[in-house]
Amino acid sequence: MTGWRTLFPNAWYISVREFRSRASSRSFVIGTVLLAILAFAATQAPVLIDKVAGGSQTRIEVVDLASGLPSDAPTVLDQSLNGTATSGSSLLGGYALSWLAGGQLSAAQQDLQGGKFDALLIVDRDPASSDLVFTLRTDMPADGRQAQTIGNAVYSLAIEDRLARAGTSTAAVLAPAKWSVLPVSLSGTATTNNINQELSSSLLSTGLVVLIFMAIITYGTWVAMSVAEEKGSRVMELMLNATTPLQMLAGKVIGNGAAGLTQYGAILGAVLVGLLVQGPIHRAVLGGSDSGPAVSGLTVPLVASFMVLFALGFLLYSLLYAALGSLVSRQEDVQSATSPLMMLVMVGYFMSIVAIQSVTDTWVVVLSYVPFFSPYLMLARVAGGHVQLWEFGLAVVFMLAAIAVALFLAARIYSAGVLLYGQRVGLRQVLKAARVSR
Amino acid sequence: MSLVIDSVSKNFGEVQALYDVSLEIKPGEVFGFLGANGAGKTTAMRIVLDILRPDSGTVAWNGRLNTEVSRDTWGYLPEERGLYAKMKVIDQLTFFGKLHGVKPKKAEQETRDWLERFRIPEYADKRAEQLSKGNQQKIQFIAAILHDPQVLLMDEPFTGLDPVNVALLKEAFLEMKDRGKTLIFSTHQMETVQELCQSIAILDRGRVVVGGTVRDVRRSSGRQMVRIAVDGDPEIAWLATIDGVRVSRRGQDYTEAEVASGHDPELVLQEALGRRCRILHFEITDPSLEEIFIEHVGQIDTSERTLAPKAVYA
């Protein structure tokens, strides 16, 4: 280990070179632009679906012959036909309703026969029972999907009407119950997650875990590729005299990491812009008001811990990717050489998917301190809201320690590996060479 | 004040790449490593550069261990040529210069000067992959010397170059020597060694079989060579009858004979005069390096090498 000079400025020069050569490559530029466009397009998918679906809308005219319909009757009918704003729009076309007063029945019947509408719904009240009575005039099959949907909708309206007459409303009946989960010890404070928040936080942490998973796999492979490329083109020998393995390793991880983050930033930026403009675009394309899905649950602590875990996880895995990349002589062999690491990443990822449902289980808590799994499991725990600051700190300390060990090991394997040329270098050979390398 | 390699040994698994190698190379000297494939030349250079660590033994430059002297002491032209394929020539050279602590401006200026000298100034802004092998080789030479190293180590610098480029590189070589640099290179080409080197070492399977100044090495066997041509007798059949003389080469220009150690080559001249031959050519000389090399190592293998470790593992 003697003979290692200070890390900088050489690690910096190398990382700048790595970044430039990566970021100016055609595949990077095209890949980034394509992915950003795709990500943006994906955020606009709901608008597109609404637009397509809008063309096949079923037009219904509703004639209200009943007296004393609940004031929110049009909303109730519309929501049960087209879904609520939060549950998203129906993929298979929607229903357009136009309400007419009782006196316009004959005009409405003319319009129906003239083909201006697909169906005519007549709402009346049974004088005996005071219940609502509905009649649907249409050529749609009576047992078809659309007729059934309309049937379900009018049932909702009938219930709403009954509730209104009883002096209450659906909203009041279905209002969430207040409940809290308390720890066994009486002194503890309540964790006041209601069921809805629980659900959105697990969706959110799945999303964040996927982000980390993708970044490690994609950009870790970049690091391995770049090492193998340097070795394959034999520039390595020039580099070995000019720098130390540690400088090269640091430069590669930082440079490729920065390029990866640039691409990631571009994609996330496109998603963010897409979400922000989703509402306005929706209005412009389809008219009416439709608020885009809000990015809820993204608290400052969660974003901060995501960034910390992302950076540390990337560092840890890239060092190992670099070490494995140094063992092959050709870029074609990178995939097979890095597959053990890929398995490790996958295991962490799948565990976290299971863990998100049960973030308080002992195995999740224990494994969230294992540096290779911390980026996933600790993140899932943070998103679940069950982590004390010291617990997070402990995981970070473990990861930092693991990174230091990985740096030491990777530099050894690297300095031995880069000089070994041959078909396939075995682990024993590497360890032997690593023992005597500088 | 010299480069001292002191009983260095190095094993790769079962293969002994270097065995108790000791050499002293004086500053300002041009030193040649000779050896067949897998003899240990590349390993020796890598150990001097501290790219590889020996199993035992030390390397010191001017009294300081090579693990302690600055990396900028050395300039290295590896046997395997490689550059960043997609990078512009000028960018790579300033990059390598920067790694060695050369200011970018100075590195660029030096690069342009050298490109001018190598008659390829227009290649500064080309990508490395657009250059021919010979021109890439020149770029690598510049990369090796840009930071003005005290010692320049070159592994097979002349292989794969056409005669014009060999001449250009030799010129650059000699200029480095004039600047007081110590030059160490390995080669198969004996004429080049005889032309450029003051001292050499012949390696065979990891051991130094003979080393020293070129003059001493050529005299090391004690044999001498006689080149003789006489009018009207191209065969000179009588040569073989002289005690201790063995004909080694029959040519149209002259016949070459080896005179064993302890025998006087003058006897050949006397014999010729005694036979009243009309002598057209007579020359007493030391055996060539090639002959010494063959004597110690066997046939010269001039086939292209792959890479040293591979050869070592094979």
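**Exercise 1. Which domains does the domain assignment of chain B give?**

Solution. The model is predicted, so local features need pLDDT of at least 70 and side-chain atom pairs count only at pLDDT 80 or more, while totals for chains, interfaces and linings use all residues. Residues are numbered from 1 along each chain as its sequence is written, and chains are lettered from A and ligands numbered from 1 in the order in which they are written.

Step 1. In chain B, domain 1 covers 3–218 and domain 2 covers 222–286; such bounds come from an automatic or database domain assignment.
Step 2. The centres of domain 1 of chain B and domain 2 of chain B, taken over C-alpha atoms, are 41 Å apart.
Step 3. Along the principal axes, the C-alpha atoms of chain B fill a box of roughly 75 × 45 × 40 Å.

**Exercise 2. Describe the make-up of each chain.**

Solution. 
Step 1. Helices (H or I, at least four residues) and strands (E, at least two) are DSSP runs, numbered from the N terminus. Chain A has 17 helices and four strands; chain B has 10 helices and 14 strands.
Step 2. A residue is buried if 20 or more other C-beta atoms lie within 10 Å of its own, exposed if 12 or fewer, and partly exposed in between, with C-beta atoms placed from the backbone. Of the 438 residues in chain A, 35% are buried; of the 314 residues of chain B, 42% are.
Step 3. Two residues are in contact if their C-beta atoms, placed from the backbone, lie within 7 Å. Among contacts between residues at least 6 apart in sequence, 76% in chain A join residues at least 24 apart.

**Exercise 3. At what angle do helix α2 and helix α4 of chain B pack?**

Solution. 
Step 1. Axes are lines fitted to C-alpha atoms, for helices over the stretch in contact, and angles run from 0 to 180 degrees between N-to-C directions. For α2 (residues 89–99) and α4 (residues 133–145) of chain B, the angle is about 25° and the axes are 9 Å apart.
Step 2. Angles under 35 degrees count as roughly parallel, over 145 as roughly antiparallel, 65 to 115 as roughly perpendicular and the rest as oblique. Therefore α2(B) and α4(B) are roughly parallel.
Step 3. On α2(B), the contact is made by B:Val89, B:Leu93 and B:Phe96; on α4(B), by B:Ile139, B:Ile142 and B:Ala143.
Step 4. Ala, Val, Leu, Ile, Met, Phe, Trp, Tyr, Cys and Pro count as nonpolar, Asp, Glu, Lys and Arg as charged, and the others, Gly among them, as polar. This contact has six nonpolar, no polar and no charged residues.

**Exercise 4. Are α15(A) and α16(A) roughly parallel or roughly antiparallel?**

Solution. 
Step 1. α15(A) and helix α16 (residues 389–417) of chain A pack at about 170°, with axes 11 Å apart.
Step 2. They are therefore roughly antiparallel.
Step 3. A:Ser374, A:Met378 and A:Val382 of α15(A) meet A:Phe392, A:Ala395, A:Phe398 and A:Met399 of α16(A).
Step 4. By class, these are six nonpolar, one polar and no charged residues.

**Exercise 5. Where does A:Ser130 lie?**

Solution. 
Step 1. A:Ser130 is in the loop between β3 (119–125) and β4 (132–138) of chain A.
Step 2. Its phi is near 65°, a positive value in a residue other than glycine.
Step 3. A:Ser130 counts as exposed because it has 12 C-beta neighbours inside 10 Å.
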